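Have the viewer open as you read.

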Amino acid sequence: MAALPDEVPNFTGSWTLRTSEKLDEYLKDEGWGLIMRKAAAAVSAYQTIEQDDKSIKVKVKNKKGEYTYTAQLDGTECKYKDNDKDDVVSIVTFSDDKKQIIEKMTKGAKAKKYTTYRYMDNGEMKLKIENDKGKYCIRIFKKDK
């Protein structure tokens with residue numbers, strides 16, 4: 001594995017969801033009912049990441065189960081199945097300033113489009129998830145010791 005350039009954040013490690021911002025508003029826009037939104041807000045999530053200068057491997061684990069995908073960071077198309085058993089096609093790249101990893105994805109039979117922005121802020125990993133209508137939530141993860 002090649003070392004990461006200095007300007008690129010290193011997401012390698014195990015992460016636990018600490019909190020979310022704008023989750024209820026985002027899930028409401030996605031068509032979730034009140035009970036499901038409240039349940040989603042109460043459930044934790046975990047991500048285990050391995051990253052080098054060319055790729056990122058992400059293992060996502062939550063109440064629904066777990067899935068893993070590896071994406072090249074050069075915009076090469078990546079395909080995987082998520083916890084909803086939806087087929088996902090994604091393209092992953094760095095932002096122009098190399099401070100974020102951006103994933104543009106098309107998900108499920110309805111081909112819904114999402115963009116995620118993974119970045120560091122005060123030692124925590126933030127994952128902004130935005131739908132095609134511009135509604136978003138930010139999932140904030142703390143690194144496990």
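## An arginine and a cavity

The side chains of Arg139 and Ser20 are joined by a polar contact of 2.7 Å. Keep in mind that this is a predicted model.

Where does Arg139 sit? Look in strand β10, which spans residues 136–143. Buried or exposed? Arg139 is buried, because its relative accessible area is 16% and the cut-off for buried is under 20%.

Who's around it? Leaving aside residues up to four places away in sequence, Arg139 touches Leu17, Thr19, Ser20, Leu23, Ala45, Met125, Lys126, Leu127 and Ile129.

| Pair | What is given | Value |
|---|---|---|
| Arg139 and Ser20 | polar contact between side chains | 2.7 Å |
| Arg139 and Lys104 | C-alpha to C-alpha distance | 17 Å |

In sequence, Arg139 and Lys104 are 35 residues apart.

How many cavities of 30 Å³ or more does the structure hold? One. The largest cavity contains about 60 Å³ of space. Its lining is made up of Ile56, Val58, Tyr69, Val92, Ile101, Glu103, Thr116, Arg118 and Leu127. Strands β3 (55–62), β7 (100–107) and β8 (112–121) are the elements that each give two or more residues to that lining. Sorted by class, the lining of the largest cavity has six nonpolar residues, one polar and two charged.

Definitions and conventions: Residues are numbered from 1 along each chain as its sequence is written. This is a predicted model: local features need pLDDT of at least 70, side-chain atom pairs count only at pLDDT 80 or more; totals for chains, interfaces and linings use all residues. Side-chain values use heavy atoms; hydrogens and water are left out. Helices (H or I, at least four residues) and strands (E, at least two) are DSSP runs, numbered from the N terminus. Buried means under 20% relative accessible area, exposed over 50%, partly exposed in between (1.4 Å probe, protein chains only). Contact means heavy atoms within 4.5 Å. A polar contact is a pair of N or O atoms within 3.5 Å; within protein, one must be able to donate a hydrogen and the other to accept it, and residues adjacent in sequence count only if both atoms are side-chain atoms. On a 1 Å grid over the protein atoms alone, a cavity is a set of points where a 1.4 Å probe fits but cannot get out, and a pocket is an open set with protein on both sides within 12 Å along at least five of seven lines; lining residues have an atom within 4 Å of a point. Grid points are joined across faces, edges and corners, and a volume is the space filled by probe spheres set on the points. Ala, Val, Leu, Ile, Met, Phe, Trp, Tyr, Cys and Pro count as nonpolar, Asp, Glu, Lys and Arg as charged, and the others, Gly among them, as polar.
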